[in-house]
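Q: Could we go through this structure together, one feature at a time, with the general idea before each case?

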Amino acid sequence: QVQLVESGGGLFQAGGSLKLSCASSGHYGTIYAMGWFRQVPHMQREFVSAISWSGSETFYGESVKGRFTVSRDNAKNTVYLQINSLKPEDTAAYYCAALSPGLPLSTATMTREDNYVYWGHGTQVTVSS
């Protein structure tokens, strides 16, 4: 079964930058389109960003567009999320997920949690003002 492991979280200052990583294993050559979601306690999970299998197409949630950049390095089996100009409201647990194969790529597809078949356990990002 595919395993996803996020890393790079921690405590950061507002205005700073960070880069999260999502390493995958167990996929036996299958390359998935990937998404990033975040969740604050007592609130529902929010779509952050997504990227196609090749990295040629990217998608962003309205609240993070302009500050977040998603990328991937398939040779390293890793997807990244660069976050610039950190804000306290970015504080959340960040999760990466693998999209079900064969789905057409669109904003509607990438933002639906039900379309993702594998999930990591998350990495906590805390931003202080």
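Predicted model: local features only at pLDDT ≥ 70, side-chain atom pairs only at ≥ 80, totals over all residues.

Q: What joins Cys-22 to Cys-96?

A: In general, a disulfide is a covalent bond between the sulfur atoms of two cysteines. Here a disulfide joins Cys-22 to Cys-96, with an S to S distance of 2.0 Å, and the count for the structure comes to one disulfide. The pair links distant parts of the chain, since Cys-22 lies in strand 3 and Cys-96 in strand 9 (residues 92-99), 74 residues apart. The torsion about the S-S bond of Cys-22 and Cys-96 is about 65°, so the disulfide is right-handed.

Q: How many bridges join strand 1 to strand 3?

A: Five bridges join strand 1 to strand 3 (residues 18-25), and the two run antiparallel; to take one example, Leu-4 has Ser-24 in strand 3 as its bridge partner.

Q: How many aromatic pairs does a search of the whole structure find, and how should I read the geometry of Phe-37 and Trp-119?

A: The idea is to consider both the distance between ring centres and the angle between ring planes. The search of the whole structure finds five aromatic pairs. The ring centres of Phe-37 and Trp-119 are 5.1 Å apart and their planes stand at 50°, so this pair is tilted. Phe-37 lies in strand 4 (residues 34-39) and Trp-119 in strand 10 (residues 116-119), so the pair ties together parts that are 82 residues apart in sequence. Phe-37, Phe-47, Tyr-116 and Trp-119 form one aromatic cluster.

Q: Is Phe-37 buried or exposed, and how does Trp-119 count?

A: Phe-37 counts as buried because its relative accessibility is 1%, whereas Trp-119, at 27% relative accessibility, counts as partly exposed.

Q: Which ring does the charged end of Arg-45 sit over?

A: The charged end of Arg-45 sits over the ring of Trp-119, 4.5 Å from its centre. Arg-45 also lies over the face of Tyr-95, at 4.8 Å from the ring centre.

Methods: Residues numbered from 1 in each chain as written. Heavy atoms only, no water. Pairing = 2+ DSSP bridges. Helix = DSSP H or I, 4+ residues; strand = E, 2+ residues; numbered from the N terminus. Phe/Tyr/Trp six-rings, centres within 6.5 Å; stacked < 30°, edge-to-face > 60°. Buried < 20%, exposed > 50% of the residue type's maximum accessible area, 1.4 Å probe, protein only. Lys NZ or Arg CZ within 6 Å of the ring centre and 35° of its normal. Disulfide = S-S within 2.5 Å.
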